[in-house]
Amino acid sequence: SGKIPHQYRAEPLFSYYFGRFIPIQSHRIHPPTMGIKSLSDFLLTLSTGLFTGIATHTVLIESPTRNHDLLDDRAKLQHWRSSFIRAARIQSTLAMFSACVAIPLSVYRKDVIQLASGVVMILVIPYTYIWIMPVSEKLYDAGVGSGGTAEGAAEPGTTECTELLERWSRLQAGRTVMGWCAFVLAAGQLI
C-alpha cells in the first residue's frame, strides 16, 4: 500500500522547503479573508468607538478642566466654543455613519444586536437636537460681539453661565452613556 493518506500529502512549495510530507488539512491553503459581515462589524465598532472616545474625553477631561473655579467665565466660554466647533462636526458625522452602517445591514442580515447599536446611535441625534442644542446655542451666543450677549444667551460672569456649562456637561454625559451602549453592542459582534 504505497498510497499516502490525504492529510499528509505535501504541497509542491512546502515539500521543497520542509521535506517530502507535511501534515496539512487540505491540499490548498487560503489566506483569511474579510467578508462583508466582518467588514461591516469592524466599521460599526470603529465608528461607535471613535464617537464614544471623543464623548468620554469631553466628559472626563475637558468638562472638569473647563468648569474649574480658577477660570473666569469668558475663558471657560472661549475654551468651550473652540472645542465645541471641532467636536460637533466629528461626532455628528460619526453618529450618522454608525447608524448608516448598522441599520441597513442589520435589517438585511436580521441581526438584532447590530440593529440595537444602530438605533442607539441614531437616537443620539434627536437627543442632541432636543436637549443639548438649546443649551449649546445659549452658551455659544454668550458674550458674542461688542454689544454683549445675543437675545436669550447667558451673560458671562453670572451664575446662569456657570449653570449652563455644568448642565451641558451633564447632558454630554448622557450622550456618552448612549455611545458606550452602542459601542458595547457593536464590539460584542466582533467577539
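Start with the whole chain: among contacts (heavy atoms within 4.5 Å) in the protein chain with a separation of 6 or more, 66% are between residues 24 or more positions apart. Before you click further, note that this is a predicted model, where local features need pLDDT of at least 70 and side-chain atom pairs count only at pLDDT 80 or more, while totals for chains, interfaces and linings use all residues. Residues are numbered from 1 along each chain as its sequence is written, and side-chain values use heavy atoms, with hydrogens and water left out.

**The overall view**

Switch to cartoon and colour by secondary structure. You'll get five helices and zero strands, running α-α-α-α-α from the N terminus. Helices here are DSSP runs of H or I with at least four residues, strands are E runs of at least two, and both are numbered from the N terminus. Of the 191 residues, 34% count as buried. Buried means under 20% relative accessible area, exposed means over 50%, and partly exposed is in between (1.4 Å probe, protein chains only).

**Stop one: a nonpolar patch**

Select M96, V107, L115, V119, I122 and L123. Together they form a nonpolar patch on the surface with about 450 Å² of accessible area. The rule for patches: residues with over 30% relative accessible area and no salt bridge, with like charges joined within 9 Å and nonpolar side chains (Val, Leu, Ile, Met, Phe, Trp, Tyr) within 5 Å. A salt bridge, for its part, is a side-chain nitrogen of Lys or Arg within 4 Å of a carboxyl oxygen of Asp or Glu. Helices α3 (73-109) and α4 (112-141) each supply at least two of the patch residues, and α4 gives the most, with four.

Zoom in on L115, in helix α4. Its relative accessibility is 32%, so L115 counts as partly exposed. Now pick S106 in helix α3. Is S106 buried or exposed? It counts as buried, because its relative accessibility is 2%. Leaving aside neighbours within four places in sequence, S106 touches D111, Q114 and L115.

**Stop two: the rings**

Rings (the six-membered one for Trp) pair if their centres lie within 6.5 Å; planes under 30 degrees apart are stacked, over 60 edge-to-face, and the rest tilted. By this rule there are five aromatic pairs. One of them is F84 with Y140, a tilted pair at 6.5 Å centre to centre and 50° between the planes. That pair links distant parts of the chain, with F84 in helix α3 and Y140 in helix α4, 56 residues apart. F84 is buried at 19% relative accessible area, whereas Y140 is partly exposed at 35%.

Next, select Y127 and W131, a tilted pair at 5.6 Å centre to centre with 45° between the planes. They are about one helical turn apart because they sit four residues from each other in helix α4. Y127 is buried at 16%, while W131 is partly exposed at 45%.

**Last stop: around Y140**

Finally, show R81, which lies over the face of Y140, 5.7 Å from the ring centre. A charge sits over a ring if NZ of Lys or CZ of Arg is within 6 Å of the ring centre and within 35 degrees of the ring normal.

Definitions and conventions:
Areas by Shrake-Rupley, 256 points an atom, 1.4 Å probe, with all protein chains shown as cover.
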